[in-house]
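Visitor: Please show me the model. I would like to ask what lies behind each label.

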Amino acid sequence: DLSSAAFWLVAAAIHPHARVTLKGVGVNPTRTGVLDILTAMGARLRRERERTEGGEPVADITVESSQLVGADIKGELIPRAIDEIPVLAVAAAVASGATTIRDASELRVKESDRIVSLATELRRLGARVEELPDGLVIRGGATLRGADCRSYGDHRLAMALAVAGLVARGRTTVDDEE
């Protein structure tokens, strides 16, 4: 499932010494927005062994440590990456330049108000984040610092914060991690 794989993909892209290969990941074009966004951000990402399994397209995806840059995430990309926005926001926080996420007001009615939650918790880690009615502006290049973070009972936020903790200086804890 690409939605679950996204955490590993971003972790590999933002970690300074990583290469991760995920095998048999679903790559249905209606769900591959995260791959398009990471590629636009400069991720060293490649698909290999593209094939069909169980009637669905799958591939092995390899991502290596990358120097990410900011991107505009909006329009047709949003429905194809809505569940991956929390972890993409972490990538944006450490990328150089600004990332703007627009057309994503649906984030306000997920397990938490993900716009407020992401802005609050990324700021706690040292990122520069501005809330928009339908998204976020994240000014990248932050050196994240460890912090005690809240998950708001939202599994995608908990996982995104855990990924941020991989590259933060100091200890990061996430409450309600289960």
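Guide: Start with an open sheet of three strands, ordered β1-β3-β2, with antiparallel pairing. Its edge strands are β1 (19-26) and β2, each pairing on one side only. From one strand to the next, the twist averages 15 degrees. Before we go on: this is a predicted model, where local features need pLDDT of at least 70 and side-chain atom pairs count only at pLDDT 80 or more, while totals for chains, interfaces and linings use all residues. Residues are numbered from 1 along each chain as its sequence is written, and side-chain values use heavy atoms, with hydrogens and water left out.

Visitor: What makes β2 and β3 a pair?

Guide: Two strands pair if DSSP finds at least two bridges between them. Eight bridges join β2 to β3, and the two run antiparallel. In that pairing, R44 stands opposite E64 of β3. The strands themselves are DSSP runs (E, at least two residues), and helices are runs of H or I with at least four residues; both are numbered from the N terminus.

Visitor: What is the strand order in the four-stranded sheet?

Guide: That open sheet runs β4-β5-β7-β6, with mixed pairing. Its edge strands are β4 (72-73) and β6 (128-132), which pair on one side only.

Visitor: How do you know that β7 pairs with β6 and with β5?

Guide: Count bridges again. Five join β6 to β7 (residues 135-139), running antiparallel. Four join β5 (residues 98-101) to β7, also antiparallel. R128 stands opposite R139 in β7, and the bridge partner of T100 is V137. A hairpin of two residues links β6 to β7.

Visitor: Why is β7 called largely enclosed?

Guide: Buried means under 20% relative accessible area (exposed is over 50%, partly exposed in between; 1.4 Å probe, protein chains only). Four of the five residues of β7 are buried, so the rest of the structure largely encloses this strand.

Visitor: Why is E84 counted as buried?

Guide: E84 has 1% relative accessibility, so it counts as buried. Its place is in the loop between α3 and α4. E84 touches S3, A6, R31 and V34, leaving aside residues up to four places away in sequence. Contact here means heavy atoms within 4.5 Å.

Visitor: Which residues of α2 are buried, and what covers them?

Guide: In α2 (residues 33-40), G33, V34, L35, I37 and L38 are buried. Their cover includes α1 (2-14), β2 (44-53), β3 (56-64), β4, α3 (77-81) and α4 (85-94). Just after α2, G42 takes a positive phi of about 95 degrees.

Visitor: Why are α1 and α4 called roughly parallel?

Guide: Axes are lines fitted to C-alpha atoms, for helices over the stretch in contact, and angles run from 0 to 180 degrees between N-to-C directions. Angles under 35 degrees count as roughly parallel, over 145 as roughly antiparallel, 65 to 115 as roughly perpendicular, and the rest as oblique. The axes of α1 and α4 cross at roughly 10 degrees and come within 9 Å. The two helices are therefore roughly parallel to each other.

Visitor: What makes up their contact?

Guide: From α1 come A6, F7, V10 and I14; from α4 come V87, L88, V90, A91 and V94. These residues divide into nine nonpolar, no polar and no charged. Nonpolar covers Ala, Val, Leu, Ile, Met, Phe, Trp, Tyr, Cys and Pro; charged covers Asp, Glu, Lys and Arg; the others, Gly among them, are polar.
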